[in-house]
Amino acid sequence: MEGEESAVIDFAAELLRVIGYERDDTVVRTRKIIWLNMCGQTVLAKTDVCLMNAASEILLLVQEDKTHINPSDPEAQLIAETIGAFQENNAKRVNELFLEPLEMQVIPGITMVGTF
């Protein structure tokens, strides 16, 4: 419906579960809040769907194209969320797991237009 988020987020989350991404050591989450340091400010990003491991590390992100609500660029949103996920993953490594931060990490991302 116009001006309303579609069921694509729910579809994507259920699809990840059905094809086996959610297991004992991973969980599919929707609308997880990520804090992102950008240009000296901390801003909020909200994932559409993400896959997390037992240590609350974000492993995969899904971003819906919401141009039916507001003209936007899902790839740019996905990239910003991925940077935030990397920052958050490293903060958890350092502050909670007492591990060294990673210099780089591959976090796969998917953009969806409808069910494509």
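Analyst: Let's start with burial. A residue is buried under 20% relative accessible area, exposed over 50%, and partly exposed in between, using a 1.4 Å probe and protein chains only. Glu 14, with a relative accessible area of 42%, is therefore partly exposed. Keep in mind that this is a predicted model, where local features need pLDDT of at least 70 and side-chain atom pairs count only at pLDDT 80 or more, while totals for chains, interfaces and linings use all residues. Residues are numbered from 1 along each chain as its sequence is written, and side-chain values use heavy atoms, with hydrogens and water left out.

User: What percentage of the 116 residues of the protein chain count as buried?

Analyst: That comes to 34%. The accessible surface of the chain (Shrake-Rupley method with a 1.4 Å probe; for residues, only the protein chains shown count as cover) is about 7300 Å², and carbon and sulfur atoms account for 58% of that.

User: How do I read the secondary structure, and in what order do the elements of the protein chain run?

Analyst: Helices (H or I, at least four residues) and strands (E, at least two) are DSSP runs, numbered from the N terminus. Here there are 2 helices and 6 strands, and from the N terminus on they run α-β-β-β-β-β-α-β.

User: And pairing: in which sense do strand E2 and strand E3 pair?

Analyst: Two strands pair if DSSP finds at least two bridges between them. E2 (residues 33-38) and E3 (residues 41-46) pair in the antiparallel sense, over 6 bridges. Asn 37, for one, stands opposite Thr 42 in E3. The two strands form a hairpin with 2 residues between them, and Cys 39 in the turn has a positive phi of about 55°.

User: Now the inside. Which residues make up the largest nonpolar core?

Analyst: General idea first: in soluble globular proteins, nonpolar side chains tend to be buried together. A nonpolar core is a set of buried Ala, Val, Leu, Ile, Met, Phe, Trp, Tyr and Cys residues joined through side-chain atoms within 4.5 Å. The largest one here has 11 residues: Val 8, Ile 9, Ala 12, Ala 13, Leu 16, Val 28, Val 49, Leu 51, Leu 60, Val 62 and Met 112. Helix H1 (8-18), strand E4 (49-53) and strand E5 (58-64) are the elements that give two or more residues to this core. H1 provides the largest share, 5 residues. Apart from this core lies another, of 9 residues, among them Ile 34, Ala 45, Cys 50 and Ala 85.

User: Could we zoom in on one core member? What is Val 28 in contact with, leaving aside its neighbours within four places in sequence?

Analyst: Contact means heavy atoms within 4.5 Å. On that basis Val 28 touches Ala 13, Leu 16, Arg 17, Glu 22, Val 49, Cys 50 and Leu 51.

User: Then Glu 88 and Lys 92: buried or exposed?

Analyst: Both are buried. They form a salt bridge too, with the closest N and O atoms 3.6 Å apart. Both sit in helix H2 (residues 74-95), 4 residues apart, about one turn of the helix. Lys 92 is also in contact with Ser 56, a residue in the loop between E4 and E5.

User: Last one: which residues make the nonpolar surface patch of about 460 Å²?

Analyst: Patches are made of residues with over 30% relative accessible area and no salt bridge; like charges are joined within 9 Å, and nonpolar side chains (Val, Leu, Ile, Met, Phe, Trp, Tyr) within 5 Å. This one is made by Phe 11, Leu 15, Val 18, Ile 19 and Tyr 21. Phe 11 is found in helix H1 and, at 35% relative accessibility, counts as partly exposed.

Key:
Salt bridge = Lys/Arg side-chain N within 4 Å of Asp/Glu carboxyl O.
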